[in-house]
Amino acid sequence: MIDIKLQSEDNKAVVTIDGQLFTEYRYGHYVCRPYFYPVLTAGGQGLTRAYPMEEVEGETQDHYHHRGIYTAHGLVNGENLWDEGTGHGAMLQRGEPVVGVHGDAAEIDGIVDWYGPEGEKLLEERRTISIRVEGDLRIIDQRSEFRANYGDVTFGDTKEGGLFSIRVPTSMDAKDKGRIENSAGQVFENGEGEETTWGVQAAWVDYSGPLANGEQWGHTVVDHKDNPRYPTYWHVRGYGLFTANAFGVHDFKGDAEIDESLTIPDGDKAVFRYRLVIHPGRGVDGHEGVRALIDAFQAS
C-alpha cells in the first residue's frame, strides 16, 4: 500500500510503501530546485547517488547540482538553471504542493516558479506527479506544463539540461559495471566501446546495473509521444548522468551552426510528460513488466 504525507516543517513530501520509506520530494528553498531523494528499494538500497545530500564511501563527488531525480535546464531565456554556481537561476516551489492518495497512486501537484539570477520571473510550471506500485516495480509519471506568463520563454540549445533527470548511483555507472540501452537498439555497457547512446534520439532509455550490495536494478525513462520534439535526445553518460534533453542538439551533433531552441510564445504553454519505471534486473528486459508499462504510457 502506498501513502504520502506532507512534512511542512521539513519542506518535503514523504512517500512510503507498506510503511517503508520509498522516496522524499524535497522542495525547500535551501536548494535551487525540487528533487526526489532518497529513492530506495524495499530493502533500503539507494537507487540514486547520495552526493551532495550525503557523503557515501566509494561514491563520486562531481557535479554538485546532480540531485537524485530532478528537472532543470541550462539556458532559459539566456539564464542558467542547471548549475548551482555563481549567477545561476532557481526553480522554487510556490507555497506547498498538494499531496494525497487517489486510487492506487500517491500524487503531488503544485506550481514551480522558474527565476533568473536577479529574481526575475521566467516561467510558471504546473508540475503534477503520480507514483504507484506494481509488484516490485515503481512507476513515477511526471507532467510539466510550462506557462509563458511573463513574455516569451526560450529553452536554449545546450546539452546541459534535462526536463527529466537522474543521477544514478556510482555502482551503476555504465563506464564501470552498468548498462545503458535505448529503444533504437544501441547499448553501452561495462565501459566497452563508444557511448553510442549519448546524444541520440530514442523513445526510451534504460540505465541499469549493480547497487551497493550487488543487486541489479534499473531506471527506464520514457518520452511521451505527444511531447514536443518526440523522440527526445538523451544526455546520458557513462559516469552516471541520465537526462531527457530535447534541446541540446548542436552539442549532440557537434555542429555550432545548429540551433534547436524551443520558444513558447507569451501567453502560451508547452506540456512535457515522462514516465520512470524503477525495476529489479539488468536491462529493459530484466523485468518482464517494463515493456508493457512503456506501451501503456504511450497509449495514454
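His63 sits in the loop between β4 and β5. In this predicted model, His63 has a positive phi of about 50° although it is not a glycine. His63 is partly exposed, at a relative accessible area of 34%.

The loop between β4 and β5 also holds Pro52, and a cis peptide bond with omega of about 5° joins Tyr51 to Pro52. Another cis bond runs from Tyr230 to Pro231, with omega near -10°. Pro231 belongs to the loop between β17 and β18 (234–236).

Now move on to the loop between β5 and β6, where you will find Asn77. Asn77, too, has a positive phi of about 50° without being a glycine, and its relative accessibility of 34% makes it partly exposed. Strand β6 itself, residues 79–81, contains Asn80. With a relative accessible area of 23%, Asn80 is partly exposed. Leaving aside residues up to four places away in sequence, Asn80 touches His73, Gly74, His88 and Gly89. Asn80 and Ala90 are 10 residues apart in sequence, and their C-alpha atoms are 8.6 Å apart in space.

The largest nonpolar core has 65 residues, and Trp114, Ile131 and Phe155 touch the most other members. Strand β21 (residues 269–280) gives the most to this core, with five residues. A second, separate core has 11 residues, including Leu137, Ile139, Val222 and Ile294.

Ile294 leads us to helix α2 (residues 290–299), where Val290, Leu293, Ile294, Phe297 and Gln298 are buried. Viewed down the axis of α2, these buried residues fall within an arc of 135°, so they line one face of the helix. The general rule behind such a pattern is that an α-helix has 3.6 residues a turn, so residues three or four places apart point the same way. Turned away from the buried side of α2 is a face that carries the exposed residues Asp295 and Ala299. What do the buried residues of α2 pack against? Their partners are β10 (121–134), β11 (137–147), β16 (204–210), β17 (216–223) and β21.

A search of the whole structure finds one cavity of 30 Å³ or more, and the largest cavity has a volume of about 40 Å³. Its lining includes Tyr25, Phe36, Ile69, Arg127, Gln142 and Phe164. β4 (35–39) and β5 (69–76) are the elements that give two or more residues to this lining, with β5 giving the most, three residues. By class, the cavity lining has seven nonpolar, two polar and one charged residues.

The largest pocket holds about 390 Å³ of space. Of the 23 residues that line the largest pocket, Thr48, Val56, Glu59, Pro169 and Ala212 lie nearest its centre. The pocket lining is made up of 10 nonpolar, seven polar and six charged residues.

Terms used
Residues are numbered from 1 along each chain as its sequence is written. This is a predicted model: local features need pLDDT of at least 70, side-chain atom pairs count only at pLDDT 80 or more; totals for chains, interfaces and linings use all residues. Side-chain values use heavy atoms; hydrogens and water are left out. A nonpolar core is a set of buried Ala, Val, Leu, Ile, Met, Phe, Trp, Tyr and Cys residues joined through side-chain atoms within 4.5 Å. Buried means under 20% relative accessible area, exposed over 50%, partly exposed in between (1.4 Å probe, protein chains only). Helices (H or I, at least four residues) and strands (E, at least two) are DSSP runs, numbered from the N terminus. On a 1 Å grid over the protein atoms alone, a cavity is a set of points where a 1.4 Å probe fits but cannot get out, and a pocket is an open set with protein on both sides within 12 Å along at least five of seven lines; lining residues have an atom within 4 Å of a point. Grid points are joined across faces, edges and corners, and a volume is the space filled by probe spheres set on the points. Ala, Val, Leu, Ile, Met, Phe, Trp, Tyr, Cys and Pro count as nonpolar, Asp, Glu, Lys and Arg as charged, and the others, Gly among them, as polar. The arc is that of the directions from the helix axis to the C-beta atoms. Contact means heavy atoms within 4.5 Å.
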